[in-house]
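Keep the structure open while you read.

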Amino acid sequence: MTREFTGWHMLAIMVGAFGIIITVNLTLAFNAVRTFPGLETKNSYVASQSFDADRAAQDALRWDVTATLADGELELSVLDAAGNATRPKVVSATLGRATHTGEDSTPNLTWNGTAFTAPVPATEGYWNLRLVLEAADGTQFRRRFPLTVE
């Protein structure tokens, strides 16, 4: 006994297929918005007004700043133009994931004579260190360092 393929069958297939597509899209969109950590700045226009001057001031410091994360230890070294270790004031430091704020932490950076170090509970994956340092003349140095723990 063969069944006849009718318009109702085609309608059921189309509604089912598009229903699955719409459900998956809504689920992905909901999760993307729910886990988004937020904006970098409240008003990008206002922030852009001093961007070039801030960048020029940072570049004038001629600092070589590197951050490494290995074996639960964060190390941040700041070298001046002559290659000597320098100890700027740490205004803020936040270590967290790039995709959500649930694991954000503020490392307790201590100076060991050549670099800042801090024990951190960083598990495997991708991390960001968002850092604000201040030079002796008051110039602020802002950077985001992408880090990987394997």
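E103 is partly exposed, with a relative accessible area of 33%; here buried means under 20%, exposed means over 50%, and partly exposed is in between (1.4 Å probe, protein chains only). The side chain of E103 meets that of R97 in a salt bridge, and R97 is buried at 14%. A salt bridge here is a side-chain nitrogen of Lys or Arg within 4 Å of a carboxyl oxygen of Asp or Glu.

A quick word on what you're looking at: this is a predicted model, where local features need pLDDT of at least 70, side-chain atom pairs count only at pLDDT 80 or more, and totals for chains, interfaces and linings use all residues. Residues are numbered from 1 along each chain as its sequence is written, and side-chain values use heavy atoms, with hydrogens and water left out.

How many salt bridges does this rule give? The count comes to three, and here they are:

| Salt bridge | N to O distance | Relative accessible area |
|---|---|---|
| D52 and R55 | 3.3 Å | D52 52%, R55 42% |
| E103 and R97 | 3.3 Å | E103 33%, R97 14% |
| D104 and R130 | 3.2 Å | D104 29%, R130 27% |

The D104 and R130 side chains meet in a salt bridge. That pair links distant parts of the chain, with D104 in the loop between β3 (89-96) and β4 (110-111) and R130 in strand β6, 26 residues apart. D52 and R55, on the other hand, both sit in helix α3, three residues apart, about one turn of the helix. Helices (H or I, at least four residues) and strands (E, at least two) are DSSP runs, numbered from the N terminus.

Now for the strands. Two of them pair if DSSP finds at least two bridges between them. Strand β1 (residues 64-70) runs antiparallel to strand β2 (residues 73-79), and they pair over seven bridges. In this hairpin there are two residues between the strands, and D71 takes a positive phi near 55 degrees. β2 also pairs with strand β5 (residues 116-119), again in the antiparallel sense, over four bridges. Check out L74: its bridge partner is L69, and it stands opposite A118 in β5.

Next, the rings. Rings of Phe, Tyr and Trp (its six-membered ring) pair if their centres lie within 6.5 Å; planes under 30 degrees apart count as stacked, over 60 as edge-to-face and the rest as tilted. The structure holds two aromatic pairs. W63 and F141 have ring centres 5.5 Å apart and planes at 50 degrees, so this pair is tilted. W63 lies in the loop between α3 and β1 and F141 in strand β7, so the pair ties together parts that are 78 residues apart in sequence. Both W63 and F141 are buried. W111 and F116 form an edge-to-face pair, 5.0 Å centre to centre with 65 degrees between the planes. W111 is partly exposed at 24%, while F116 is buried at 4%.

Last stop: the largest pocket. On a 1 Å grid over the protein atoms alone, a pocket is an open set of points where a 1.4 Å probe fits, with protein on both sides within 12 Å along at least five of seven lines; lining residues have an atom within 4 Å of a point. This one is lined by 17 residues, and F51, D54, Q58, R142 and R143 lie nearest its centre. α3 gives the most to the lining, with five residues.
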